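Have the structure open beside you as you read.

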Amino acid sequence: APAGQDYFKQSTTRLYWIADKIVEMTIEMYREPRKMVDDISALGLRHVGYAIPTEFFAPFVSGAVEVVRSMTTDGAAEDGFRWSLTLISKTLVRTILEGSTIVMKAINTNQEKALV
């Protein structure tokens, strides 16, 4: 999703941190699923404030899975990563959609008329 790269205009250090966090979250989803649901929901609400379009999440997951596929020949590891990251993505999307109130949409578009 070339349009999605506009949302990643950050330092390389920050992008590495995001990549590390993704791997950590996929592992923690297996270790502490209930805690992760709370953490992911909070992250989703932050993404509402960032105005990240939800249609970018699926291509992001696909890209991350392709990277993992290029790094391992273990099909189970790839499947586990895909399942966990897909679940995280779906939870984020649900939280973003449910958390996108009229007020948040008005703030993100910077339009007072969006409140009416």
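In this predicted model, Asp74 caps the N-terminal end of helix α4, with a side-chain oxygen 3.0 Å from the backbone nitrogen of Ala76. Helix α4 itself covers residues 75–99. How far apart are the end C-alpha atoms of α4? They are 35 Å apart, which agrees with the 36 Å that its 25 residues should span at 1.5 Å a residue.

Two packed helices are described by the angle between their axes and the distance between the axes.

| Helix pair | Angle between axes | Distance between axes |
|---|---|---|
| α3 (residues 57–71) and α4 (residues 75–99) | about 165° | 10 Å |
| α2 (residues 33–50) and α4 | roughly 50° | within 8 Å |
| α1 (residues 12–31) and α2 | about 140° | 6 Å |

Let's start with α3 and α4. Their axes meet at an angle of about 165°, and angles over 145 degrees count as roughly antiparallel, so α3 and α4 are roughly antiparallel to each other. The crossing of α3 past α4 is right-handed. On the α3 side, the contact includes Phe57, Val61, Val65 and Val68, and on the α4 side it includes Phe81, Leu85, Leu92 and Ile96. Sorted by class, this contact has 11 nonpolar, 2 polar and 3 charged residues; among the residues taking part are Arg69 of α3 and Glu78 and Arg82 of α4.

Helix α4 also packs with α2. With an angle of roughly 50° between the axes, α2 is oblique to α4, and their crossing is right-handed. Residues of α2 including Ile40, Leu43, Gly44 and His47 meet residues of α4 including Ile88, Leu92, Thr95 and Gly99. The class count for the contact of α2 with α4 is 7 nonpolar, 6 polar and 1 charged.

Finally, how do α1 and α2 lie, oblique or roughly antiparallel? At about 140°, α1 and α2 are oblique to each other. Met25, Glu28, Met29, Tyr30 and Arg31 of α1 make this contact with Pro33, Met36, Ile40 and Leu43 of α2. The residues divide into 7 nonpolar and 2 charged, with no polar ones.

Some residues turn up in two of these contacts. Ile40 of α2 takes part in the contact with α1 and also meets α4. Likewise, Leu92 of α4 is in contact with α3 and with α2.

How values were computed:
Residues are numbered from 1 along each chain as its sequence is written. This is a predicted model: local features need pLDDT of at least 70, side-chain atom pairs count only at pLDDT 80 or more; totals for chains, interfaces and linings use all residues. Side-chain values use heavy atoms; hydrogens and water are left out. Axes are lines fitted to C-alpha atoms, for helices over the stretch in contact, and angles run from 0 to 180 degrees between N-to-C directions. Helices (H or I, at least four residues) and strands (E, at least two) are DSSP runs, numbered from the N terminus. Angles under 35 degrees count as roughly parallel, over 145 as roughly antiparallel, 65 to 115 as roughly perpendicular and the rest as oblique. A crossing is left-handed if the near helix is turned anticlockwise from the far one by less than a right angle, and right-handed if clockwise. Contact means heavy atoms within 4.5 Å. Ala, Val, Leu, Ile, Met, Phe, Trp, Tyr, Cys and Pro count as nonpolar, Asp, Glu, Lys and Arg as charged, and the others, Gly among them, as polar. The expected span of a helix is 1.5 Å times one less than its number of residues. A polar contact is a pair of N or O atoms within 3.5 Å; within protein, one must be able to donate a hydrogen and the other to accept it, and residues adjacent in sequence count only if both atoms are side-chain atoms.
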